[in-house]
Each structure stands twice: as structure tokens, then as C-alpha cells.
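The model itself is shown first.

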Amino acid sequence: MKSLKRELGLLEVTLSGVGIILGAGIYALIGEAAPLSGNALWLSFIISSAVAAFTALSYAELSSMFPHSSAEYEYVKNAIGDRIAFIIGWLIILSAVISSTTVAVGFSNYLSVIFDLPKFLSSISLIVVLSFILFVGIKESARVAILFTSIEAAGLLIITFIGIPYYGTVNYLEAPLGLNGIFASAALIFFAFLGFEEIVKLSDEAKEPHKTIPKGIILAMIISTTLYMLVAFSSVSVLGWEGLSQSNAPFSQIAYSVFGTNGSFLLSIIALFATSNTVLLMILAGSRIVYGMSKSGSIPHVFSKVHYKTRTPWIAIILISLASIGFLFIGEIDFLASVTNYTLFASFIFINVSAIILRYTSPNTERSFKIPLNIKWVPILPILGIITCIILLLNLEYNAIILGIILTVIGLLISFLKR
């Protein structure tokens, strides 16, 4: 049976992570978060980045122990057992699917600023085209991702520089809904940090994955967090939270307010690259965990089939693409993002638990990276990761939590049926 190609070095892995993170939420969701946290938007970003960092470090350690594309499934299986591992794998697959759907909707919103096209058709077309690129090959997909990442990072730098002359024009502690609004905004904004967990799905295609993947996770988080903080300050400085909350394409609006139509057009084009990049990399990550779980025997063997010519898991790519199109029928972008966050908060809790358990049950397993700050064998940061994920999960809207619980129960039922 053919295997995947090991084509990716640290640069490709890091930029792939940055590409997912930057496009995942900042372009699509900053306008949705602004009415919750007001001009204190930056504080919500700090909270979300800290929560993400706790779990990202757990991912870094676990990926150095088990450098496989089955990722979360593999980590939880070794720490807790196969049934819980299957449910977590199921939730991670759903998160990739719903994330790609969410950002595809964000893509269609920005495209509608330029062309008067049906948003639903635009989203479907994007998913189909990017799925074909993924089928062609991992090296080709990585090149597209690096190009798109460079463009989307340039867009955030433009927003940052636009805002510098406006610094100090608003009260950065103004929060219309108080502390509750700041935490609710952080729960939504957490979607903007998603992507670090997808880096581990590249383990079967990375060179020296036990070293490359942990380094890629940490570097991607540092780069993305720095850019996000600059953008948050600039965005509220130019438009204020009221202006941000009234726009479906907030960055285009910021550029328009300073440079007019030309600025709006430029940022809309950049946003198209950013959201496209995230959809590309989310479908990539989702197809790889499907491939990994299939290869391990947890789901049907057919999903681990590799195309004889392109060396890509083509059936897994088709599955994730069709599922992403299916979720387009659910509705609003903020609701889709909240459902994604539920699946990930629930998964992250078990990832952090697994990091703690494996410190006790497998102390001698080689780790090229270890989580800092420990009391004897107990790592402290995963405990903080568990607590903060629970808090943010409870701050999600109730409808998203209910649908998330239903999806979890479906995963549990499937885990019984598959036996």
C-alpha cells in the first residue's frame, strides 16, 4: 500500500499553521466579536491566545511522542482508551469540516463586496476548487498555502499600519457588556486561533516530525498572536466597536474609511486569499486525520487509500469536501463558528488530560519537547488549559452547545456500532 510523501520542512509546516490561524477568524469574525467586547476587543484576544497557548503546548509534547497524522485519536487512545479516542477523533473531523464551511461563508461575504454572486454558490465553488488542489499533491498544496499565507499576512500588516495614526482616539477599556461580554467575545474569537492543532495532522508528510511539528506549533502561535494584537488595536482605533460590528467585511470597511474604494477593493482581494487559504488547510487537516484513523483501523479501510499517482488520500479528501458543503445548509457564520468551538473545546479538554496522564503512565517515552512549569511529574499548564476550555465552552451560545452535545452523542453511538 502506498504511503504519503514526506515533503514538508519546518518552514512549510510553520507557514501552513500560520495560514490556517490567520485566515480562520480574524478576517471573518472580528465584526461578530466587536459588539460583545467593544473597544476592549484586544483583551478578548489576550484571553483567547492564553487559552490556546495552554493547549498548543500539550499538542507540541504529544506530537513529539506520537508523530502520526491520526493525531488526537492517537494521543487519547494511548492515554485513555479506544472508545474515548474515537469520539475525540470524530469531533476533530467535525471541527475541520465545520471550520472549512465557516470560512467558506466568510469568503463568499468578501466576494460579494466585489461581485454580485450568490453566496451559496461561491462557497461551494471554493470548496470544490481547493479540494482538487489537495488531490493534485501535498507539495503543490504547500506552495499554494505559502503564497496565500504571505498575502494574508500582508493584509494584516496593512490594517496595522492604517491604524497607527488613529491610536489613542478611543477608550480601549470600553466594553458595552462588561466582563461577561469580554469572555463571550473571547469564546467566539478563540476560533481565530484555531489552526495550531491542525499542524499535527501533517506528521506523516513532515520531515523529522517529532521535532518539526512541535517547533512549527510554537512558531505559528507566536507569529499569529503578535499580528492579531496589532490588528485588534488598529481596527477599533479606526472604526470603533460600533463600526466594526456593522460590517460583513470589516477590513474592507477599514481600508475604505482611509483610502476609499481602492483600499476597500485591495483588502477584499486579500481577504479572499486569506479565507481560501484556511479552507484549503482545514480540508487538508480533516482529510489527514480521516486517513490516519482509517489506517489505524478505527474507521473503514477505504478512507486510507492513497492515489497511485498523486500520493494523496483522495477518498478522505472527497469525504471532507462533501461534508463541508453539507454544513453550508446550517446557516449563520457566528453559529457555525460556535459549533466548531464546542467540538474543539471538548477535544482540547481531553488532549490536556492525555498530556497529564501520559506524564504518569509513560514517563520514559521519548519527548523531543516537554511542557514547561511542572510540579514533580505534573505539568501545570494543561490543568489551566482544562479549566479555561471549560469556562469558554460554557460561554458559547446554548444552541451551539446543544448541537455539539448531539454530535458528541452521535460519535458515541458510532463507536458502539463500529464494533
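Glu 205 has a relative accessibility of 0% and therefore counts as buried. The model in which this residue sits is a predicted one. The partner of Glu 205 is Arg 288, and the two side chains meet in a salt bridge with an N to O distance of 2.9 Å. Because Glu 205 belongs to the loop between H8 and H9 while Arg 288 belongs to helix H11 (residues 261–295), the pair ties together parts that are 83 residues apart in sequence. Arg 288 counts as buried as well, since its relative accessibility is 1%. Side chains of opposite charge can pair when their charged atoms come close.

How many salt bridges does the count come to? The count comes to four. One of them joins the side chains of Arg 359 and Glu 61, again at 2.9 Å from N to O. Arg 359 is placed in helix H13 (residues 333–361) and Glu 61 in helix H3, so this pair ties together parts that are 298 residues apart in sequence. Is Arg 359 buried or exposed? With a relative accessible area of 7%, Arg 359 lies under the 20% cut-off and is therefore buried. Glu 61 is buried too, its relative accessible area being 1%.

A further salt bridge is formed by Glu 72 and Lys 201, whose closest N and O atoms are 3.0 Å apart. Here Glu 72 comes from helix H4 and Lys 201 from the loop between H8 and H9, so the pair ties together parts separated by 129 residues in sequence. Both Glu 72 and Lys 201 are buried. Salt bridges that share partners also join Glu 61, Arg 359 and Arg 367 into one network.

The buried residues are Glu 72, Tyr 73, Glu 74, Tyr 75, Val 76 and Ala 79. After H4 comes Gly 81, which has a positive phi near 145 degrees.

Positive phi values also occur in residues other than glycine. Glu 208 has a phi near 45 degrees, and this residue is found in the loop between H8 and H9. Lys 376 has a phi near 55 degrees and occupies the loop between strand E1 (374–375) and strand E2 (378–379). Because its relative accessible area is 81%, Lys 376 is classed as exposed.

The discussion now turns to the nonpolar residues. In soluble globular proteins, nonpolar side chains tend to be buried together. In this model, the largest nonpolar core has 138 residues, and those with the most contacts inside it are Phe 45, Tyr 59, Phe 196, Ile 217 and Phe 251. Helix H5 (residues 82–114) gives the most to this core, contributing 16 residues. Which residues does Phe 45 contact, apart from its neighbours within four places in sequence? They are Ile 26, Ile 189, Phe 193, Tyr 228, Met 229 and Ala 232.

Leu 43 lies in helix H3 (residues 41–65). Leu 43 is partly exposed because its relative accessible area is 26%, between the limits of 20% and 50%. From C-alpha to C-alpha, Leu 43 is 21 Å from Ala 153, and 110 residues separate the two in sequence.

Trp 241 belongs to helix H9 (residues 209–245) and is buried, with a relative accessible area of 16%. Leaving out residues up to four places away in sequence, Trp 241 touches Ala 34, Pro 35, Gly 38, Asn 39, Glu 174 and Pro 176. With Glu 174 there is also a polar contact of 3.0 Å between the two side chains. The C-alpha atoms of Trp 241 and Ala 175 are separated by 9.1 Å, although the two residues are 66 places apart along the chain.

Ile 164 is partly exposed, at a relative accessible area of 43%.

Definitions and conventions. Residues are numbered from 1 along each chain as its sequence is written. This is a predicted model: local features need pLDDT of at least 70, side-chain atom pairs count only at pLDDT 80 or more; totals for chains, interfaces and linings use all residues. Side-chain values use heavy atoms; hydrogens and water are left out. Buried means under 20% relative accessible area, exposed over 50%, partly exposed in between (1.4 Å probe, protein chains only). A nonpolar core is a set of buried Ala, Val, Leu, Ile, Met, Phe, Trp, Tyr and Cys residues joined through side-chain atoms within 4.5 Å. Helices (H or I, at least four residues) and strands (E, at least two) are DSSP runs, numbered from the N terminus. Contact means heavy atoms within 4.5 Å. A polar contact is a pair of N or O atoms within 3.5 Å; within protein, one must be able to donate a hydrogen and the other to accept it, and residues adjacent in sequence count only if both atoms are side-chain atoms.
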